[in-house]
Amino acid sequence: MRREDVNMSDRAINSMPAGVTDVLLDDAQLKSHIEVSLREVFQGWGYAEVITPMFECYEVLLAGGIDPEWMYKFSDPGGGILALRPDLTTPIARVVATRLREAPKPLRLFYVENVFRRPEPKRGKRAEFPQAGIELVGSTQPAADAEVVATAIEALQRLGIDDFQLNLGQIGFFQGVIEDAPLSESEITVIKERLDRRDREELTRFVEGRNLPEDKQRLILEMLTLCGGEKVIERASTLADNETSEAALENLAEIYRILGDYRLVDRVAIDLAEVRGFGYYTGLMFEGFSRSLGSSILKGGRYDDLIAKFGYPCPAVGCAFDIDRIRTIVQKEKLPALPGVDTLVRFSRERRGEAYELAKMLRAQGKRVEIEVVDRREEEALAYARQKGMAELIVLEEGGKRIVPLKTSDTKDQQR
Amino acid sequence: MDRLTVALPKGRLLAPSIDLFKRIGATITDYETKSRRLVFDADGGRYRFMIAKPFDVPTYVEYGIADVGIVGSDVLMEEDHDVHEPLELRFGNCCLVLAAPRDRAGDGLPLHSVHRVATKYPNLTKRYFASRGIQVETIKLYGSVELAPITGLAEMIVDLVQTGRTLEENGLVPIAEIAKASARLIVNRASHKIRLKEISALIDKLSEAIAC
């Protein structure tokens, strides 16, 4: 094939891999705005940033219990297998166990980074997406769990998101339910799948078909109803039939009490039927939803056994925000207009130096200034500046300096 | 109270679905059901109904465009959608069957050679044959699947059967039952959690109505 035959404009140069997207201009600005807002909240609560590499050793990510199916894997020149990080919690666990082992506890860490997951081809799921999150390391106290939930609530409110709800669950409750039941691993998986889909009839058929004592059958089915307000915890306590489940409920009740002290419980619901999530959760598990979106906008929970996998047993609790999804709903809310370019400076050749100094002075005042680098007539420049929503055009010409306002504060005047 | 959006399936399940909502007390006027509109409000704005092709109903529900939907379980078995499936609706009962022309039916299930099976449900078909250790080539068709064996495109079909008349009229007989199917209520995960009270109430009302 001769070089001239390869017509790049028709093919490769316009295509993108499945699951990735460009974030441009206004969208990028909005994304940045959200990230800055989240950073401020995290820092306000005492969290410090950590930045980990985009790819890690495959074994490290596997140790975190992440499904290999999800990971983009590739090999390094030495033959070792590497993978793009599918989450930040596992890499941070590695960091805590190694570089931050001696750091004073509790350790509060935050991140704002992209994660990578192999998308399911037919669904157009995202291969790369941005997450911001926090990890509170070194405390087993319910106060730590409550802090993470409270921080999440504050972060959403700070973004002007008001129609949200956080659903709290506790994996220990379900673990208690099945721990003394004669069920195999695969049977437990089926039960989890049915619970996950809230499929009462299939769950009933399955559960009745096993050799389970009647009250255990009923308990598993009752799980479907354990969603709602605070009363759910009380009701679950009457149903709980062993210490594991009871301890889990105690823990959840305490977290709820603390959130009550913070006056945040109107944002919170209880959901004990939710058993899906990363395998590394050991206690509290929660998800945030907004009425404006059909999927969750944040996920979190306690994971006391993960850092131990890297040689340093240490309890931790954290959560991650899905910035893309938050960006969708923040756009729908009323947001103060984000700053654009204010001024365009045009000049006659001999006044170029002054134009530069003028722009520099305006920029020092916080304005966003463009210097003309294109040869065009003033009408064209005005049209360009108006299209970009600029406030003014400044012209430095032989006769003097002209300022052309492009927006009047009273728009009614303009219409007349 | 906020409006609840309900996705209903075009085709044979549409009338019984609308009827079910009428039975739980939703005011749906004849004008609304007879018009060709794909989206309409009912019951004083309490519900917004949207009518989509059956295979698209779970998509609208999964993305949260519809809070709930009604769809046949055959569709849910064919494609995996991340939705809640809280209620079987006890109508639209039918069967997914493997069918072949009458003169070939005596052979039973093919055990040796590669056969062609035409179907609207390629995933389900592949899973079924894989579970029996039988190799087949699955041909995806979008409708009128009975045409395939008549014209020689495939020796067998996997199709949804209600009365069995369509099969019979085209000289086909069922050789194996793959799965039963019926209408299901599906719910968007997020809606189910954030609008738990309303959706639980809806599920309870529907549950009572179908029990009669």
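The centres of domain 1 and domain 2 of chain B lie 30 Å apart, taken over C-alpha atoms. This is a predicted model, in which local features need pLDDT of at least 70, side-chain atom pairs count only at pLDDT 80 or more, and totals for chains, interfaces and linings use all residues. Residues are numbered from 1 along each chain as its sequence is written, while chains are lettered from A and ligands numbered from 1 in the order in which they are written.

Back to chain B. Its domain 1 is made of residues 4–92 + 182–211, and domain 2 covers 94–180; bounds like these come from an automatic or database domain assignment. Where the two domains meet, six residues of domain 1 of chain B are in contact with eight residues of domain 2 of chain B. Contact here means that the C-beta atoms of two residues, placed from the backbone, lie within 7 Å. On the domain 1 side of chain B, the touching residues are one nonpolar, two polar and three charged. For these classes, Ala, Val, Leu, Ile, Met, Phe, Trp, Tyr, Cys and Pro count as nonpolar, Asp, Glu, Lys and Arg as charged, and the others, Gly among them, as polar.

Chain B has nine helices and 11 strands. Helices (H or I, at least four residues) and strands (E, at least two) are DSSP runs, numbered from the N terminus. The C-alpha trace of chain B spans about 60 × 35 × 30 Å along its principal axes. Of its 212 residues, 40% count as buried. A residue is buried if 20 or more other C-beta atoms lie within 10 Å of its own, exposed if 12 or fewer, and partly exposed in between, with C-beta atoms placed from the backbone.

Now chain A. Its domain 1 runs over 16–332 and its domain 2 over 343–415, and the centres of these two are separated by 50 Å over C-alpha atoms.

How many residues of chain A are in contact with chain B? There are 17, and they meet 12 residues of chain B. At least two residues of the chain A side come from each of β7, α7 (200–209), β8 and β9. By class, that side holds four nonpolar, six polar and seven charged residues.

Strand β9 of chain A, residues 268–271, is worth a look. In a regular strand the side chains alternate between the two faces of the sheet. For β9 of chain A, both faces are covered: A:V268 and A:I270 are buried on one side, and A:A269 and A:D271 on the other. Two strands pair if DSSP finds at least two bridges between them. Strand β7 of chain A (residues 164–170) pairs with β9(A) in the parallel sense over three bridges, and A:L168 stands opposite A:I270. Strand β8 of chain A (residues 227–228) runs antiparallel to β9(A) and is joined to it by two bridges; A:C227 has A:D271 as its bridge partner.

Further along chain A there is an open sheet of four strands, in the order β14-β13-β15-β16, with mixed pairing. β14 (369–371) and β16 (400–405) of chain A are at the edges with a single partner strand each, so one side of each has no neighbour in the sheet. Strand β15 of chain A (residues 392–397) runs antiparallel to β16(A), with six bridges between them. One of the facing pairs is A:E392 and A:P405.

Next, two helices of chain A. Is α4(A) largely enclosed or largely open? Of its 17 residues, 13 are buried, so α4(A) is largely enclosed by the rest of the structure. Helix α3 of chain A (residues 89–98) is mostly covered too, with eight of its 10 residues buried. What covers those buried residues includes β2 (55–57), α2 (58–63), β5 (107–116), β6 (128–137) and β12 (316–322) of chain A.

Last, some backbone details. Most residues other than glycine have a negative phi, and most peptide bonds are trans. A:K105 and A:P106 are joined by a cis peptide bond, with omega about 5°, and A:P106 sits in the loop between α3 and β5 of chain A. A:R198 is not a glycine, yet has a positive phi of about 55°. A:R198 counts as buried because it has 23 C-beta neighbours inside 10 Å. B:D43 also has a positive phi of about 55° without being a glycine, but B:D43 counts as partly exposed, because it has 18 C-beta neighbours inside 10 Å.
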